[in-house]
Amino acid sequence: MSSWLEQLERELDARLSAFLRNNPVQEHLFSEQHLKDRAAALQRQHQQLQSEAKQQRQQLLRLAEDVRAWRDRVERARAAGAADLAGRAEQHLTSLMNQGRALWADLDDLGRRFNEVERQLQELHQQKRTPSPSTLEKDWALFEAEQELEQLRRDAGLS
């Protein structure tokens, strides 16, 4: 079953490629749409990463408050001579500190992913601003096709 589906997919890809090769205007439109879709997906990912980072920063702030409170509790228990309670509170404090380290690592990873998405967005915007020679060829083909279409309309009396 999967080989049949893969064969169908290959056939459709081949037909699409042949169609696009024979229709440069459509190829140009297809490429433009692909770039727009890619930019939109990257923009959504950019916003999602910003939202995740904001949530993690808020978690870190709450965790920092908990750490301060438990440090105070450890000191109060030690000062009162409650060594067993101070030891348990210290273990909890260590657990909170480990959670904080994990959150910092996650936030750092988010930062790297955010920078990568920003880099990709910049590259995409740069691609749009600096047309390559192949884009010039495609634009020229689009221009010629539009000219031919306009001539056909005039010949048919539609313009």
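This is a predicted model: local features need pLDDT of at least 70, side-chain atom pairs count only at pLDDT 80 or more; totals for chains, interfaces and linings use all residues.
Trainee: Is Gln56 buried or exposed?
Mentor: The term buried is kept for residues under 20% relative accessible area. Leaving aside residues up to four places away in sequence, Gln56 touches Leu103, Asp106, Leu107 and Leu110. The relative accessibility of Gln56 is 13%, and therefore Gln56 counts as buried.

Trainee: At roughly what angle do the axes of helix H1 and H2 cross?
Mentor: Helix H1 covers residues 2-22, and its axis comes within 5 Å of the axis of H2. The contact is made on the H1 side by Leu16, Phe19, Leu20, Arg21 and Asn22, and on the H2 side by Pro24, Gln26, Glu27 and Phe30. These residues divide into five nonpolar, two polar and two charged. The two axes cross at roughly 115°.

Trainee: Why is the pair of Trp140 and Phe143 called tilted?
Mentor: One aromatic pair is counted. Planes under 30 degrees apart would count as stacked and those over 60 as edge-to-face, with the rest called tilted. The ring centres of Trp140 and Phe143 are 5.1 Å apart and the planes stand at 40°, so the pair is tilted.

Trainee: Which helix holds both Trp140 and Phe143?
Mentor: Trp140 is partly exposed at 48% relative accessibility, and Phe143 is partly exposed at 38%. They are three residues apart, about one turn of the helix, and both lie within residues 133-156, which is helix H4.

Methods
Residues are numbered from 1 along each chain as its sequence is written. Side-chain values use heavy atoms; hydrogens and water are left out. Rings of Phe, Tyr and Trp (its six-membered ring) pair if their centres lie within 6.5 Å; planes under 30 degrees apart count as stacked, over 60 as edge-to-face and the rest as tilted. Helices (H or I, at least four residues) and strands (E, at least two) are DSSP runs, numbered from the N terminus. Buried means under 20% relative accessible area, exposed over 50%, partly exposed in between (1.4 Å probe, protein chains only). Contact means heavy atoms within 4.5 Å. Axes are lines fitted to C-alpha atoms, for helices over the stretch in contact, and angles run from 0 to 180 degrees between N-to-C directions. Ala, Val, Leu, Ile, Met, Phe, Trp, Tyr, Cys and Pro count as nonpolar, Asp, Glu, Lys and Arg as charged, and the others, Gly among them, as polar.
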